[in-house]
Amino acid sequence: MPNVKLTLISHPLCPFVQRAAIVLLEKNVPFERIDVDLANKPDWFMALSPTGKVPLLKLEQPDSADVILFESSAICEYLNETQDGVSLYSSDALSRAQQRAWVEFGVAVLSDAWQFLNAKGSAVADDKKAAFREKLQRLENNLEQGPYFSGAAFSMVDAVFAPVFRYFSLLIPIVSQPIFDNLPRVSAWRDSLEQRPSVISAVSEDYADRFRQRLIQQQAILSNSIL
């Protein structure tokens, strides 16, 4: 969309923001990024966000009023449909529906991962780690040969799972590796996503430090397990 300025309103640690950033980068779309302190939300942000959450995508159009999109799934779908480049969904209706279903599955996977990482006690950590591992096994049983979820082409499913796997690349191997043991397809997929330029560029260089500080503030038992 020519002459439309895009601004991604974000938070440095938000995985849903990362999804939108990955899609923007995959589509090679110029955009500005503004981070918001979610612990002290500014009035201008609350005026724009119906949910008080990130991401937001602001579209500044020269001949009409600015438009604000909220919710990462809506933002990603909009970008995929309006920007140049290869679609991040299959052209086949059945495959496309399956991809969208796995995108939704990614929300549950993220929830288990986040609760495991932020757990303050071993009982919750063990429970959420087991739930996360069980979901990884389901993925293992449904993955194609790779390097990405649907094979050779990077898709919206990859954009959703890359931020989840990023967490475990920050943990010391003695903590993270057993979770992925005997899951060769998931492990290979995770490695491919970690090397994808759009995934790398979706976060700032100080992401690991910020994430460590987040876990310390939460008094998470894994706060000393960040590389």
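Let's start at one residue: setting aside neighbours within four places in sequence, Ser-72 is in contact (heavy atoms within 4.5 Å) with Phe-16, Arg-19 and Pro-55. This is a predicted model, where local features need pLDDT of at least 70, side-chain atom pairs count only at pLDDT 80 or more, and totals for chains, interfaces and linings use all residues. Residues are numbered from 1 along each chain as its sequence is written, and side-chain values use heavy atoms, with hydrogens and water left out.

Ser-72 sits in helix 3; helices here are DSSP runs of H or I with at least four residues, strands are runs of E with at least two, and both are numbered from the N terminus. With a relative accessible area of 5%, Ser-72 is buried. Buried means under 20% relative accessible area, exposed means over 50%, and partly exposed is in between, using a 1.4 Å probe and protein chains only.

Now for the empty spaces. Rolling a probe the size of a water molecule over the atoms shows where such space is left. On a 1 Å grid over the protein atoms alone, a cavity is a set of points where a 1.4 Å probe fits but cannot get out, while a pocket is an open set with protein on both sides within 12 Å along at least five of seven lines; lining residues have an atom within 4 Å of a point. Grid points are joined across faces, edges and corners, and a volume is the space filled by probe spheres set on the points.

Searching the whole structure turns up one cavity of 30 Å³ or more. The largest cavity holds about 50 Å³, and Ser-72 is part of its lining, along with Arg-19, Ser-73, Cys-76, Glu-77, Tyr-89, Val-103, Met-156 and Val-160. Helix 3 (72-82) and helix 6 (156-169) each give at least two residues to this lining, and the largest share, four residues, comes from helix 3. One of the lining residues, Tyr-89, has the charged end of Arg-100 over its ring, 4.3 Å from the centre. For that label, NZ of Lys or CZ of Arg must be within 6 Å of the ring centre and within 35 degrees of the ring normal.

The largest pocket has about 670 Å³ of space. Of its 27 lining residues, His-11, Cys-14, Pro-15, Leu-38 and Trp-114 are closest to the centre. Helix 1 (15-26), helix 4 (93-117) and helix 10 (207-217) each give two or more residues to that lining.

The second largest pocket has about 300 Å³. Closest to its centre, out of 17 lining residues, are Arg-166, Leu-170, Ile-200, Val-203 and Tyr-207. Two of those names also meet elsewhere: Arg-166 lies over the face of Tyr-207, at 5.7 Å from the ring centre. Helix 6 gives the largest share of this lining, four residues.

Finally, the rings. A pair of aromatic rings is described by the distance of the centres and the angle of the planes. The structure has 17 aromatic pairs, counting rings of Phe, Tyr and Trp (its six-membered ring) with centres within 6.5 Å; planes under 30 degrees apart are stacked, over 60 edge-to-face, and the rest tilted. Trp-44 and Phe-45 have ring centres 6.3 Å apart and planes at 85 degrees, so they are edge-to-face. Trp-44 is partly exposed at 42% relative accessibility, whereas Phe-45 is buried at 0%. Phe-149 and Trp-189 are tilted, because their planes are at 50 degrees, with centres 5.5 Å apart. Both Phe-149 and Trp-189 are buried.
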